[in-house]
Amino acid sequence: MGNTGPKDMKASLGLRAGLLSLLIFVAIVGIWQIATMPTAGTGPAMDPEYAKLVGAAAATGSKSAMPTPADIGATIWHHLLDPFYIRGSNDKGIGIQLAYSLGRVLLGFGLAALVAVPLGFLIGMSPLVYRALDPFIQILKPVSPLAWMPLALYTIKDSAISSIFVIFICSVWPMLINTAFGVGSVRKEWLNVARTLEVGPFRTAFKVILPAAAPTIMTGMRISVGIAWLVIVAAEMLVGGTGIGYFVWNEWNNLSIANIVTAILLIGLVGLALDQGLAYLAKLVTYPE
Amino acid sequence: MEHRPLISVEGLARRFGDASQPAVFEDIWFGVDKGEFCCLIGHSGCGKTTILNVLAGLDSPSEGAVIVDNREIDGPSLDRAVIFQGHALLPWLTVMGNISFAVSSRWPSWDRAKVQDHARRFIDLVGLKGAENKRPAQLSGGMKQRVGIARALSIQPKMLLMDEPFSALDALTRGMLQDEVLRICADTNQTVFMITHDVDEAILLADKIVLMTNGPGAKIAEIVVNTMPRNERHRNDLHKHPQYYAIRNHLVEFLVNRSRAFDQEIAEAGYDPRRLKLVKPGLAAVNPPAEVVPLRHSS
Ligand SMILES: Nc1ncnc2c1ncn2[C@@H]1O[C@H](COP(=O)(O)OP(=O)(O)OP(=O)(O)O)[C@@H](O)[C@H]1O
Ligand SMILES: [Mg+2]
């Protein structure tokens, strides 16, 4: 006792953090349970406007519209049992909806990477191109990607492609800027090594600049995919049809709070998985100096 | 036409910024013969690295030119290998990867196995056997510097340009690496241009020591010929050589006093940058007066 090495400290810290997380989780669920307990008799009188909005079920007051944790558990279980069913265009399993969203994000993000990385390379290599494109990037970067939606719908005339376009637009900037920055700040001495070895421009680009800038580029990709996953939900709420964003909006219309909460949890989990996936890839290309 | 050395530096000047800026150095003339080991000594910031960069073809001078093999340098070349002041290894590559990168740049048609065989020979040469698969971050300073040396030698250049290759090392490692470089250079009859701060290192390695004054407007003051024959220079008993202290004192005297006040000195004694004095302080020690060039020291 008393002589704990750094490793033990770490293990015990992890364990304690885990316990604390569990405690917080239990507390949240507990408070939630108490807050959503069915009230006996008639609850406090409800604003008629609100009652109209949330529908008759809640207006009767017999049961809160807010589901209990047990309801959520049951709903999640229900969705997990059959995530991929299709019963008509308006009734698809939550797995299908997530897959739609994920597909759009990956497609839009992939296309953005195909454009942003080479273009970022060019910008990073050439101070002239950098100066020339900088005003465009500075103006377009802060625009909410959803502002592009009407323009996309008008020109593309296809809601599915429009949402992919919106994803494209929002993921392009971080990758473009990070690639340009990474390429532009490759250490001069590494470039000099390539020059003294008479390495051609293409081989220099692939063998020196790309690996040197890879960690910065990957950071840009990680930011991009995070933003894309945020934006897709909003985009799908706007255009409707399919996807987890549409699902959430649809369930709001059905006033199925349990489904909405389930969707929120799943959106969080998928976002986490995307982030961790890219973090893993970033780790592969990172080099210690 | 008079004899032209392998590397001939002719009227070099370098200015950063516009023409109104003072030149870092100007009117630099000297040559390095084939097979010669030439050291450049001068204080920090006088422009040594800048000269080496011009020799390497990485930087272009504001005035003058460098002629190698009767052709003016207009860019880097595989014939002139550079060992950088920082080791400049690519951190994402292993030792083998770093050297293979150089080897396959030199011989693009070689297949992977041949490149690696060749690289391995040079890894062994600098005593890094067993470290092939380590990344630079896992190596000590001395090991990194060896990789840099192996990389430069592996492309079998016509000449080696070294920028303080041993300055970041402890005395023991430095000594070992100096011996290795000396042996390799002698074996392959390399032409070497090396920058150093270290007077003893210059005496041990160089056949010729170029003395550079302080900047801005730095000049080459004179060229000291190392009259100690190569086979009489041994690291451990260098100081026992009869010429050693004379050469050393001359160099130290230059660094301590004359490098600073050289303008004053030439105002009194005259100076032609194209016909530099060849000084042989070592000989003064063995057969006194007569042929020694008189030197005026400013106090
Ligand atoms: N790219 C640059 N732009 C402006 N000034 C520069 C640049 N490179 C070098 N200098 C200046 O030129 C001078 C000489 O620099 P250089 O690196 O050649 O010195 P050095 O003799 O190699 O010094 P050290 O012994 O410390 O390595 C310095 O005063 C430095 O400030
Ligand atoms: Mg230097």
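## Terms and model

A polar contact is a pair of N or O atoms within 3.5 Å; within protein, one of the two must be able to donate a hydrogen and the other to accept it, and residues adjacent in sequence count only if both atoms belong to side chains. The model discussed here is predicted.

## Where chain A meets chain B

By the rule for polar contacts, five residue pairs are found across the interface of chain A and chain B, with both residues at pLDDT 80 or more. On the side of chain A that touches chain B, the elements giving two or more residues are α9 (188–196) and α10 (201–239) of chain A. Of the elements on this side, α9(A) gives the most, with six residues. Sorted by class, the side of chain A that touches chain B has nine nonpolar, three polar and six charged residues.

The contact draws on 18 residues from chain A and 20 residues from chain B. About 1,800 Å² of area is buried between chain A and chain B, and carbon and sulfur atoms give 69% of this area. Between chain A and chain B there are zero salt bridges.

## Surroundings of ligand 1

Ligand 1 is surrounded by 13 residues, and the closest are B:S44, B:G45, B:K48, B:T49 and B:T50. In the shell around ligand 1, three residues are nonpolar, eight are polar and two are charged.

Some distances to oxygen atoms of ligand 1 can be given. For B:T50, a polar side-chain atom lies 2.5 Å from an oxygen atom of the ligand. For B:G47, a backbone N or O atom lies 3.0 Å from an oxygen atom of ligand 1. B:E164 has a polar side-chain atom 3.3 Å from an oxygen atom of ligand 1. On its own, ligand 1 has 640 Å² of accessible area, and the protein covers 56% of this.

## Salt bridges

Over all chains, the structure holds 20 salt bridges. In one salt bridge, the side chains of B:E63 and B:R15 meet at 3.3 Å, N to O. This pair links distant parts of the chain, 48 residues apart. B:E63 lies in strand β4 (residues 63–68) of chain B, while B:R15 lies in the loop between β1 (7–14) and β2 (25–32) of chain B.

Note on methods: Residues are numbered from 1 along each chain as its sequence is written. Chains are lettered from A and ligands numbered from 1 in the order in which they are written. This is a predicted model: local features need pLDDT of at least 70, side-chain atom pairs count only at pLDDT 80 or more; totals for chains, interfaces and linings use all residues. Side-chain values use heavy atoms; hydrogens and water are left out. A residue is near a molecule or strand if one of its heavy atoms lies within 4 Å of it. Accessible areas come from the Shrake-Rupley method with a 1.4 Å probe; for residues, only the protein chains shown count as cover. Ala, Val, Leu, Ile, Met, Phe, Trp, Tyr, Cys and Pro count as nonpolar, Asp, Glu, Lys and Arg as charged, and the others, Gly among them, as polar. Contact means heavy atoms within 4.5 Å. Buried area is the accessible area (1.4 Å probe) that two parts lose on being put together, summed over both. A salt bridge is a side-chain nitrogen of Lys or Arg within 4 Å of a carboxyl oxygen of Asp or Glu. Helices (H or I, at least four residues) and strands (E, at least two) are DSSP runs, numbered from the N terminus.
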